[in-house]
Amino acid sequence: MSVAAAQQVDTALTVRGITKSFGGNHVLRGVDMSVAPGSLHFLIGPNGAGKTTLFNVISGFIPADDGEVSLFGRDVTGDHARTIARQGLARTFQNLQLFDSLTVAENVLMALHADMKVGLLRSMSGLFVDREENLEYAKAFEWLDRFGLAKYAASMPADLAYGDRRLVEIIRAFATQPKVVLLDEPAAGLGVSARANLFSVLKDLRAENMTVVLIEHDMKFGMALADEVTVLDIGARIAHGSPAAVQQDDAVISAYLGKRATNDD
Ligand SMILES: Nc1ncnc2c1ncn2[C@@H]1O[C@H](COP(=O)(O)OP(=O)(O)O)[C@@H](O)[C@H]1O
Ligand SMILES: [Mg+2]
C-alpha cells in the first residue's frame, strides 16, 4: 500500500459537507464527521436534529443534495444502499424490521442473504437448522448466544419480549460481519438485562476492530461507551470531541437546555 493510501484509511467513515433538504426544510447543513477505525462514535442531538437522516444518507437509503461519504478512504457517495452494505456497512432502524413469519435464527440468516427471497430461505431453513456445522448458522447462533438469546433460535419473533426483538434486529446487523455499523437508538425499549447485554457487547467490539456509530437517547449509556462524540443541532455540527469535552461545551449545553425549554427533547 502506498503512503497516501495508508493515510487515507486513518478513518473508517468520513462525512464531508453533507447537506439535505426536504422541500424547504433544511435538515442537514454541511455536516462533517470523522470516525476512527475500531472506535465507538456517539452521534447526539435534540429530536429532529437530523441524526437519522444522516444515517440514511451514509447508508445510501436517501441521496444527499451535496457532500461526500467515504468508507476506509473509498468514496461511496451516491452508491446504492446494497452496494454500500457490500463494502461492509450495516445499520439498524429506529423501528423494528423483522420478518414475522421466520424464526429468530432465520431472521438472522436472512440478514446474511439480503438478496434471497423469503420463500427460498424458508424452504432451505430445515437444512440450516439440521446441519449445525453450517458455518452461517453457527455464526448466527453465536451472535444470538452473545446477547443471551440462543434459547430463542427456533422461536418466532412474536413470542419474544419487545426488547429481545430489538436485540434480534441488532444481531441481524452484526451477523453480516460489518466493518462499520450504524445503530439508531438500539437501547430504546430494552429492559434492564437486555440493555446490560447490549452494553457489554458494544464494549467488547473495540477489541474486535468493529467501528460503531451510535445514536442513543440514553446519554449515560452512550457517553460511557464513546471514544468520540459528534453533536448535531438543527442539521449542523455544533461540537465534536471527547465525551468529557463535549459535555462541558457551552453550545451543547444551550442546545439541549433550549430544546427542553420549548418542551422538545
Ligand atoms: N423522508 C423525509 N421527508 C421529509 N422530512 C423528513 C424526512 N426524514 C426526516 N425528515 C425531517 O427531517 C428532520 C430531522 O429528522 P431526523 O433525521 O429523523 O432527526 P433525529 O433522528 O435527529 O430525531 C425532521 O424535521 C424530520 O421531520
Ligand atoms: Mg432519529
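**Close-up 1. Burial of helix α2 in the predicted model.** In helix α2, the residues Lys51, Thr53, Leu54, Phe55, Asn56, Val57 and Ile58 are buried; the structure shown, here and in the views below, is a predicted model. Because seven of the eight residues of α2, which spans residues 51-58, are buried, this helix is largely enclosed by the rest of the structure. After α2 comes Gly60, a residue with a positive phi, near 80°.

**Close-up 2. Packing of helix α7 against helix α8.** Two packed helices are described by the angle between their axes and the distance between the axes. For α7 (residues 162-175) and α8 (residues 192-205), the axes come within 9 Å and cross at roughly 20°. Since angles under 35 degrees count as roughly parallel, α7 is therefore roughly parallel to α8. The crossing in which α7 passes α8 is left-handed. On the α7 side the contact involves Gly163, Asp164, Leu167 and Ile170, which meet Ala194, Asn197 and Leu198 of α8. By residue class, this contact of α7 with α8 comprises four nonpolar, two polar and one charged residue. An α-helix has 3.6 residues a turn, so residues three or four places apart point the same way.

**Close-up 3. The hairpin of strands β9 and β10.** Strand β9 (residues 228-233) and strand β10 (residues 236-241) run antiparallel and are joined by five bridges. Across this pairing, Thr230 stands opposite His240, a residue of β10. The two strands form a hairpin with two residues between them, and in the turn Ile234 has a positive phi of about 45°.

Note on methods:
Residues are numbered from 1 along each chain as its sequence is written. Chains are lettered from A and ligands numbered from 1 in the order in which they are written. This is a predicted model: local features need pLDDT of at least 70, side-chain atom pairs count only at pLDDT 80 or more; totals for chains, interfaces and linings use all residues. A residue is buried if 20 or more other C-beta atoms lie within 10 Å of its own, exposed if 12 or fewer, and partly exposed in between; C-beta atoms are placed from the backbone. Helices (H or I, at least four residues) and strands (E, at least two) are DSSP runs, numbered from the N terminus. Two strands pair if DSSP finds at least two bridges between them. Axes are lines fitted to C-alpha atoms, for helices over the stretch in contact, and angles run from 0 to 180 degrees between N-to-C directions. Angles under 35 degrees count as roughly parallel, over 145 as roughly antiparallel, 65 to 115 as roughly perpendicular and the rest as oblique. A crossing is left-handed if the near helix is turned anticlockwise from the far one by less than a right angle, and right-handed if clockwise. Two residues are in contact if their C-beta atoms, placed from the backbone, lie within 7 Å. Ala, Val, Leu, Ile, Met, Phe, Trp, Tyr, Cys and Pro count as nonpolar, Asp, Glu, Lys and Arg as charged, and the others, Gly among them, as polar.
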